[in-house]
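Please keep the structure open alongside the text.

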Protein chains: 2
Amino acid sequence: MGALHDGHFSLIRRAKEIAGHVAVSIFVNPAQFAPLEDLARYPRPIEDDLAALRREGVAMVYLPASEIVYPPGFSTYVEPPAVAAPLEGVLRPGHFRGVCTVVLKLFQTIPAHVAVFGQKDYQQARVIVAMVRDLDVDIEIDVAPTVREPGGLAMSSRNRYLDANQRDVALCLARALTVCNVYFSSGTDDVNILEAAMRYELGVDRPDGVDTVDYAVVVDGQTLLPVTRATAGCVALIAARVGTTRLIDNHILR
Amino acid sequence: MGALHDGHFSLIRRAKEIAGHVAVSIFVNPAQFAPLEDLARYPRPIEDDLAALRREGVAMVYLPASEIVYPPGFSTYVEPPAVAAPLEGVLRPGHFRGVCTVVLKLFQTIPAHVAVFGQKDYQQARVIVAMVRDLDVDIEIDVAPTVREPGGLAMSSRNRYLDANQRDVALCLARALTVCNVYFSSGTDDVNILEAAMRYELGVDRPDGVDTVDYAVVVDGQTLLPVTRATAGCVALIAARVGTTRLIDNHILR
């Protein structure tokens with residue numbers, strides 16, 4: 001979706017390691033935003049993005065106009081796999097339908113051997129992997145690690161919305177995930193305790209905490225369905241709002 | 001779906017004219033049958049089919065097991081384009097979702113340059129064309145003319161269900177379409193009159209008529225939406241039951 005940051009550049013470098021030529025797609029996809037979401041204000045610094053991609057030496061940038069992707073009469077969508085149903089699927093109805101549809105179209109238009117997605121959007125990566133498997137799309141999905149700012153905030157184009165104070169508050173997402181993993185690696189596998197620890201770190205009731213918590217959960221790493229006992233490979237996932245900015249982050253327990 | 005007849009062989013010959021190598025897919029797709037439809041009794045004369053395909057000299061037959069197409073956990077579907085909504089979309093809910101999903105999977109698995117479909121399944125052909133356009137699938141769709149038995153009955157694997165008397169009754173579908181086109185080509189463009197003429201020929205109230213008429217309509221040839229005045233390129237479509245066998249047929253007005 002553009003507004004490129006070091007998280008994106010790490011995906012490009014990963015792609016260069018595993019493929020001879022790298023294409024980058026930039027498209028702020030209206031189909032994955034709900035009516036009241038931030039489509040209109042989503043950052044689109046396209047000249048900066050193109051200059052950065054020139055520096056990165058990518059072979060191709062795919063930058064379609066919205067009317068090319070969704071021409072008049074467009075009406076076929078991908079009904080996403082089961083892993084799209086919980087969490088973001090509940091909070092952002094239609095989001096993964098838009099994601100799956102545009103990503104399938106991308107894979108038809110740019111028939112790459114491998115596509116690199118960021119682990120920061122953990123559920124999205126699981127949804128894409130399941131879609132590609134179910135629909136027999138001939139492409140390998142590579143999921144690359146989250147890149148973090150000093151302090152731990154996961155890189156995101158939406159971090160641009162945060163003022164200095166909000167950036168400090170936003171650090172508690174990564175801190176909550178770290179605490180969760182510390183508890184887990186010291187032997188606490190009760191999901192209720194792990195989730196309570198994360199909620200405490202998010203400090204929704206404190207002035208220095210986040211404003212709302214959409215979820216802070218430990219779930220199965222493949223299906224994203226609830227578990228009662230955490231095991232290695234389960235994933236801790238957080239979605240929370242700081243001011244009006246919605247942030248997500250995750251950590252695979254180990 | 002196999003149970004091959006001269007309609008299928010004409011598609012294979014058409015494919016040979018336009019492509020260097022021809023692959024044939026045979027798969028009775030459970031996803032496009034509703035619970036009370038004829039999935040279980042659908043004919044599967046697979047040895048006869050393979051022998052016929054050997055005679056036709058096709059390069060490849062794709063004959064997947066159901067568990068290969070729909071493995072455990074399969075849950076991604078194609079939500080079909082708008083043209084799937086009327087007619088069969090109303091009478092066979094979920095049918096085109098199953099068709100689109102399996103055809104998209106086929107196009108990913110066997111990346112052909114062109115795929116040949118029969119005009120006998122007129123709405124299906126329009127649905128596939130729209131899906132391929134919307135999802136940017138890199139394949140050309142060729143729609144080949146309906147092949148008819150002497151007397152005019154459109155070839156269909158389901159004709160095997162008909163006894164001798166029912167085959168006589170079934171002729172009235174093609175006759176109704178012919179009458180409709182005769183009216184149209186003599187200047188009658190009032191859709192109510194054209195549809196009434198087809199219903200009369202189908203003789204649902206007569207002992208020698210069909211048992212039920214699902215629809216007998218003249219609609220826009222692209223969108224399949226209602227029109228009040230017929231023009232060349234509009235299509236007459238019939239679905240009717242003879243005994244328990246559901247038959248469909250169509251004719252493009254000219």
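In chain A, three strands form an open sheet in the order S6-S7-S8, and the pairing is antiparallel. Strands S6 (212-219) and S8 (245-252) of chain A are the edge strands, each pairing on one side only. From one strand to the next, the twist averages 10 degrees. This is a predicted model.

Strand S7 of chain A spans residues 235-242 and pairs with S8(A) over 8 bridges, in the antiparallel sense.

Helix H7 (residues 164-185) of chain A lies across S6, S7 and S8 of chain A and runs at about 25 degrees to S8(A). Helix H8 (residues 191-202) of chain A lies across S6 and S7 of chain A, at about 150 degrees to S6(A).

**The sheet in chain B**

Chain B has an open sheet of 3 strands in the order S6-S7-S8, with antiparallel pairing. S6 and S8 of chain B stand at the edges with a single partner strand each, so one side of each has no neighbour in the sheet. The twist here averages 10 degrees from one strand to the next.

Strand S7 (residues 235-242) of chain B is mostly covered, with 7 of its 8 residues buried. S7(B) is joined to strand S6 (residues 212-219) of chain B by 7 bridges, and the two run antiparallel. On the other pairing, 8 bridges join S7(B) to strand S8 (residues 245-252) of chain B, again antiparallel.

S7(B) and S8(B) form a hairpin with 2 residues between them. Gly243(B) sits in the turn and has a positive phi of about 65 degrees.

Helix H8 (residues 191-202) of chain B lies across S6 and S7 of chain B. Its direction is about 150 degrees to S6(B).

The table lists individual bridge partners.

| Residue | Bridge partner | Strand of the partner |
|---|---|---|
| Val213(B) | Ala240(B) | S7(B) |
| Ala236(B) | His251(B) | S8(B) |
| Val78(A) | Val78(B) | S3(B) |

**The nonpolar core**

Which residues touch the most other members of the largest nonpolar core? They are Cys180(A), Val218(A), Ile238(A), Val218(B) and Ile238(B), out of 129 residues in that core. In soluble globular proteins, nonpolar side chains tend to be buried together.

Take Ile238(B) as a case. Leaving out residues up to four places away in sequence, Ile238(B) touches Leu173(B), Ala176(B), Leu177(B), Met198(B), Tyr215(B), Ala216(B), Ile248(B), Asp249(B) and Asn250(B).

**How the chains meet**

Strand S3 (residues 77-79) of chain A pairs with S3(B) in the antiparallel sense, over 3 bridges. Val78(A) has Val78(B) as its bridge partner in S3(B).

How many residues does each chain bring to the contact? Chain B gives 20 residues and chain A gives 20 residues. On the side of chain B that touches chain A, the elements giving two or more residues are strand S3 (77-79), helix H5 (95-109) and helix H6 (122-134) of chain B. H5(B) supplies the largest share of that side, 4 residues. By class, that side of chain B has 11 nonpolar, 4 polar and 5 charged residues.

Of the interface residues of chain B, 100% are also interface residues in chain A, so the copies meet through the same surface.

**A residue in H5(B)**

Thr109(B) is found in helix H5 of chain B. A residue counts as buried at 20 or more, and as exposed at 12 or fewer. Thr109(B) and Tyr62(B) are 47 residues apart in sequence, yet 9.6 Å apart in space, C-alpha to C-alpha.

Terms used: Residues numbered from 1 in each chain as written. Chains lettered and ligands numbered in written order. Predicted model: local features only at pLDDT ≥ 70, side-chain atom pairs only at ≥ 80, totals over all residues. Buried ≥ 20, exposed ≤ 12 C-beta atoms within 10 Å, placed from the backbone. Pairing = 2+ DSSP bridges. Axes fitted to C-alpha atoms, helices over the stretch in contact; angles between N-to-C directions. Contact = placed C-beta atoms within 7 Å. Nonpolar A, V, L, I, M, F, W, Y, C, P; charged D, E, K, R; others polar. Core = buried A, V, L, I, M, F, W, Y, C linked by C-beta atoms within 7 Å.
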